[in-house]
Amino acid sequence: MRVAEGGEPAATDAGADSPRNAAELQSLLGAVPDPLFVLREDGCILQLSAAAQQALGPAAREGAAFAELWRAEQRPLVDSALAQADGERVLVEASAPSGTRFELRVGRGSFAGAPAYVVVARPQFGAGPDDALYRQTGAQLRELAPVYRALFDASLFGVALFDMHGRYHDLNPAFEKLIGYSRGEVLGRNNAELGVISSASMEAANAELAAGNTQLGLLEFTRHDGETRLAMHCTSPVRLPAGTFLLGIGFDITDYVRFQEALRDQDQKFRALFDNVADGIFFCRSDGSFFEVNPAACRQLGYSRAELLQMGVIQVSAREGFDVERAMRGFAETGHLTYVTSHRRRDGTTFPVELTLQRIEHAGQRAVAAITRDLTEQKRIEDDLRDARDRLHAILQALPDLLFEFDADGVICDFYSSRKGLLTDPPQTFLNKNLSDLTTPEVSGILLGAIREAVENGLSVGAQYRVRGDRWMELSAARRGDLGPDQKPRVIALAREITERKLREQELERRNDELMRFTYTVSHDLKGPLVTIKSFLGYLSQDMAAGELDKAQKDIEYMRKAADRMDELMEDLLELSRVGRKTHPPVHLSLRALAQEACELLAGRISNCNAEVILPEDDVLLWGDRVRLLEVLQNLLDNALKFSEGRPVDGRVRVWVEVARREDEYVVSVRDRGIGIDPRYQHKLFGLFEKLHSHTEGTGIGLALVKRIIEVHGGKVWAESAGEGRGTTVSFTLPNTQPGGGSA
Amino acid sequence: MMQNPLSILLVEDDLAHAEITRRNLEEFDVELFELVHVIDGQAAIDYLVDAGSARPTAALPQLILLDLRLPRVDGLEVLSHVKRDATLRHIPVVVLTTSAADADVRDAYQLGASGYLVKPVVYEQFQELTRAFGVFWLRFNRYADA
């Protein structure tokens with residue numbers, strides 16, 4: 001029976017305005033199983049049901065005062081219940097004079113156009129006439145009530161009891177936790193008021209429930225702290241002794257849903273990795289069979305996934321003699337292992353892999369995740385690198401040079417050469433030091449210049465410098481492609497000793513100069529007579545035409561002299577060129593004998609000058625070309641006699657041939673007391689066709705010839721004079737060992 | 001037009017060449033010059049030092065005709081001496097030599113030569129050179145006083 005529906009007593013629905021209605025009401029009241037009264041506003045009974053008469057006895061009759069039906073001390077309570085039931089239902093308990101306790105439900109409405117009360121008086125359990133059963137049942141219920149209450153309170157599910165308007169009637173701590181409100185805050189209020197759920201969803205829910213349907217599903221709700229959460233709920237109408245209520249059971253599944261989402265997200269990421277990673281991934285059971293492989297694993301081995309899932313570790317491993325047990329012991333301890341091994345493809349070829357094993361759990365069983373990285377490319381790069389390193393090492397070994405690495409400021413960062421013997425000090429004495437602290441300012445200036453050039457332009461070639469006095473070095477430097485640890489450019493520099501080359505260059509330069517001078521001299525000196533001959537030929541024809549025979553005779557004389565000179569020059573040049581080309585086999589020669597022979601060739605001049613040539617007392621054995629060395633002595637003695645003529649010493653012109661031994665050479669000198677040489681002209685003495693005195697005979701080839709002969713013999717020649725009028729000494733050296741190594 | 005003959009110092013070690021120069025100049029105009037011939041560089045310097053001294057035995061030349069390849073002191077040294085000496089510097093020096101070497105030409109001008117003439121082998125060319133020389137140096141050129 002729905003007492004509360006609409007707040008109106010059900011009996012009034014029919015109305016009592018018509019006799020038909022009154023009769024219907026009467027029959028209705030007869031059929032109602034509960035004691036039911038319709039009261040006037042003053043509390044007088046207007047109508048009552050048959051059950052009412054049965055329960056409350058004859059005092060219960062139409063026209064009697066309702067309050068009179070109850071014990072005297074409870075009449076005010078009943079009156080006040082009537083007074084309070086102003087549009088509301090009121091529930092009181094009252095006892096009839098018989099002692100039976102009733103629960104009175106009072107409603108207010110109208111009857112036959114006047115305000116009226118409807119009261120339903122329900123006998124309480126155990127209070128009725130068949131009380132023994134009621135009492136027993138009641139006691140059992142009272143005993144059970146705390147148990148259910150405890151269950152209610154302890155439930156992990158939020159449980160709440162709502163009245164039919166959705167107002168909280170009761171709720172357990174789990175429900176408090178669910179919505180974030182305390183019990184006191186929510187009792188008598190509904191979820192829409194509280195803002196826990198929206199009015200719309202509340203109305204929709206109520207409509208369902210009104211139709212008697214149980215609501216089951218997910219519900220989004222807002223907690224007291226404003227957080228929106230998701231609950232799984234089940235709401236259904238329940239009939240309790242106190243009336244019909246809505247029982248709501250809710251459980252917050254927000255975290256669960258989020259966890260699920262996170263899990264799904266993880267799974268997607270894993271899949272993306274698993275499918276796209278370049279490394280092969282195998283999941284293996286403890287017996288080594290594969291239960292999952294990724295596409296990279298298939299690619300590496302050349303099998304399809306389906307094929308691999310029928311296979312296991314044994315079929316893909318190509319490693320022979322691998323100490324599986326030892327590896328597995330390590331794996332057993334840590335559950336992790338990485339090593340390099342070899343795998344076999346479907347086509348039988350093998351390739352190196354880096355294998356990483358990780359113990360995992362799969363379906364409650366121990367399993368292994370294996371990750372394989374194909375090392376083929378890495379191996380190739382390593383091999384290339386090793387090859388390049390070996391080659392570089394060999395190059396460094398083979399290089400006869402010093403190889404340094406500098407920073408941009410000239411600090412020596414590294415030294416690579418194997419030829420440490422080229423260094424005066426061990427590398428550690430100069431590593432990490434600046435060049436300017438290790439070398440002279442001149443050398444460090446050159447080297448730093450080259451390093452800077454290499455830093456700026458990438459390359460510097462040919463910086464030459466001199467170390468330890470007479471050793472020439474050449475530096476080539478190139479900037480490294482990468483930067484040093486200090487993020488500054490580095491320069492690799494190669495220092496090569498070029499002393500020998502340098503000496504040869506200098507020698508070549510000297511020879512070139514000499515050749516230039518020679519060419520110049522020759523062209524100048526040969527052109528001279530030519531100019532003379534041509535010019536005087538011109539004069540000759542003029543003079544002949546003019547009939548001036550005396551003049552013509554002179555012209556011819558000039559031409560003859562010029563032609564003679566030219567002949568002489570040519571002869572001398574030929575002679576000079578022969579010195580280098582045409583040689584006689586070297587022999588041991590007595591200096592004294594050679595000088596004696598020269599004197600014999602010069603006997604005429606010696607006698608004319610009344611001269612004496614004084615030979616050395618100590619004879620030495622020279623090693624060389626007899627004809628040429630005789631020429632040298634003859635030339636030198638001839639010069640000495642020529643320039644001493646008329647300058648006797650103690651009545652005679654004297655010329656001395658002397659010899660001195662040095663460590664590895666003899667110094668032979670021809671000394672005179674003649675006119676001497678002005679120091680200003682000494683440098684011209686050995687030049688081709690150079691004559692210090694234009695009046696003396698000859699072309700001036702003599703000393704140039706001497707110089708050439710001595711140089712061909714590996715010696716040097718020079719002249720000394722204290723000045724004009726103070727005599728001259730011309731000396732030359734000859735090695736005192738023959739090229740074969742023997743002593744001459 | 002009468003004028004004092006130009007005094008020329010000819011520094012030439014080849015007697016035949018000295019003779020050729022003299023004869024060519026005479027053929028151009030014997031009245032226009034006086035030639036003093038020395039046969040090497042040292043002799044030229046000695047002559048000039050004497051002529052430029054406080055009590056000279058000879059007068060300074062107005063023009064020097066200088067060969068380069070000379071015994072003892074060569075022509076470039078003579079030229080260098082003349083151009084370093086304040087009393088001689090004003091004298092034009094014309095090089096007359098068989099050498100056509102670039103280095104000689106450059107060095108001569110760097111040291112202050114006023115001209116560089118290469119002795120032609122061909123007789124007619126030598127005469128033409130001498131005529132042109134005469135027109136310029138003997139007839140038209142003006143000289144600074146000593």
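Visitor: What is the area buried between chain B and chain A?

Guide: In this predicted model, about 2,600 Å² is buried between chain B and chain A, with carbon and sulfur atoms giving 52%. Buried area is the accessible area (1.4 Å probe) that two parts lose on being put together, summed over both. Residues are numbered from 1 along each chain as its sequence is written, and chains are lettered from A in the order in which they are written. Local features need pLDDT of at least 70, side-chain atom pairs count only at pLDDT 80 or more, totals for chains, interfaces and linings use all residues, and side-chain values use heavy atoms, without hydrogens and water.

Visitor: What makes the meeting of Asp555(A) and Arg23(B) a salt bridge?

Guide: A salt bridge requires a side-chain nitrogen of Lys or Arg within 4 Å of a carboxyl oxygen of Asp or Glu. The N to O distance between Asp555(A) and Arg23(B) is 2.8 Å, so the pair qualifies. The count between the two chains is two salt bridges.

Visitor: Why is H2(B) called roughly parallel to H3(B)?

Guide: Helices H2 (residues 41-51) and H3 (residues 75-84) of chain B pack at about 15 degrees, with axes 9 Å apart. That angle makes them roughly parallel, the term for angles under 35 degrees.

Visitor: Which residues of H2(B) and H3(B) make the contact?

Guide: With contact meaning heavy atoms within 4.5 Å, Gly41(B), Ala44(B), Ile45(B), Leu48(B) and Val49(B) of H2(B) meet Val78(B), His81(B) and Val82(B) of H3(B).

Notes: Axes fitted to C-alpha atoms, helices over the stretch in contact; angles between N-to-C directions. Helix = DSSP H or I, 4+ residues; strand = E, 2+ residues; numbered from the N terminus. Parallel < 35°, antiparallel > 145°, perpendicular 65-115°, else oblique.
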